[in-house]
Amino acid sequence: METDIDPRSLIGRKAFDRDGHRLGTVDEVYLDDATGVPEWAAVRTGLFSRDAFVPLAPSTLADDGLRVPFDRALIKDAPDFGVGRHLSPDQELQLYRHYGLALPEPGPPERPASLSDRDAERNFGRLAGQED
């Protein structure tokens with residue numbers, strides 16, 4: 001996924017699985033603690049409004065919304081950690097394992113171009129768009 005996109009612009013977009021079936025709406029975006037790059041999105045799904053965490057790295061942003069390259073059943077079975085809180089390293093590890101993704105390589109911290117200095121300072125390790 002593009003890393004120069006403002007993560008707040010994802011909130012409210014529709015999300016679709018690999019087959020183009022609508023999953024729900026992006027509720028929140030989670031930033032990597034070290035880099036501030038958008039890493040996970042919580043997608044509000046179904047009638048009972050459960051949030052499913054989806055990885056942003058293999059996902060793409062299209063005109064109609066966020067395309068997540070996984071099957072709907074896998075996404076709906078993702079670990080449920082609730083939303084509005086920081087994801088712990090253990091929770092992130094569970095999500096990487098659930099989706100069969102390799103852990104990201106540790107690298108030097110870098111700030112995404114779309115965040116201002118003030119936003120970058122406030123948002124590291126926080127939800128995108130979360131107010132202090």
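Reply: Let's begin at Asp-33, in the loop between strand 2 and strand 3. Strands here are DSSP runs of E with at least two residues, helices are runs of H or I with at least four, and both are numbered from the N terminus. Keep in mind that this is a predicted model, where local features need pLDDT of at least 70 and side-chain atom pairs pLDDT 80 or more, while totals for chains, interfaces and linings use all residues. Residues are numbered from 1 along each chain as its sequence is written, and side-chain values use heavy atoms, leaving out hydrogens and water.

Asp-33 has a relative accessible area of 35%, so it counts as partly exposed (buried is under 20%, exposed over 50%, partly exposed in between, with a 1.4 Å probe and protein chains only). Its side chain makes a polar contact of 2.8 Å with the side chain of His-86. Such a contact is a pair of N or O atoms within 3.5 Å; within protein, one must be able to donate a hydrogen and the other to accept it, and residues adjacent in sequence count only if both atoms are side-chain atoms. Asp-33 and Leu-87 are 54 residues apart in sequence, yet 9.5 Å apart in space, C-alpha to C-alpha.

Now for the strands on either side of that loop. Strand 2 (residues 22–31) and strand 3 run antiparallel, joined by seven bridges; one example is Val-29, whose bridge partner in strand 3 is Ala-41. Strands pair if DSSP finds at least two bridges between them. Zooming out, six strands make an open, mixed sheet in the order 4-3-2-1-6-5. Strand 4 and strand 5 (60–62) are its edges, each pairing on one side only.

Leaving out residues up to four places away in sequence, Asp-51 touches Asp-27, Ala-42, Val-43, Arg-44, Asp-80 and Val-83, where contact means heavy atoms within 4.5 Å. With Arg-44, the side chain of Asp-51 forms a salt bridge (2.9 Å, N to O). That term means a side-chain nitrogen of Lys or Arg within 4 Å of a carboxyl oxygen of Asp or Glu, and by this rule the count comes to four salt bridges.

Another of the salt bridges links Asp-80 and Arg-50, with their closest N and O atoms 3.9 Å apart. Asp-80 sits in the loop between helix 1 and helix 2 and Arg-50 in strand 4, so this pair ties together parts 30 residues apart in sequence. Both ends are partly exposed: Asp-80 at 49% and Arg-50 at 25%.

Helix 2 lies across strand 3 and strand 4, at about 75° to strand 3; axes are lines fitted to C-alpha atoms, for helices over the stretch in contact, and angles run from 0 to 180 degrees between N-to-C directions. Its buried residues are Gln-91, Glu-92, Leu-95, Tyr-96 and Tyr-99. They span an arc of only 140° around the axis, so they're on the same side of helix 2 (the arc is that of the directions from the helix axis to the C-beta atoms). These buried residues pack against strand 3 (38–45), strand 4 (50–55) and helix 1 (72–76). On the other side of helix 2, Pro-89 and Arg-97 are exposed.
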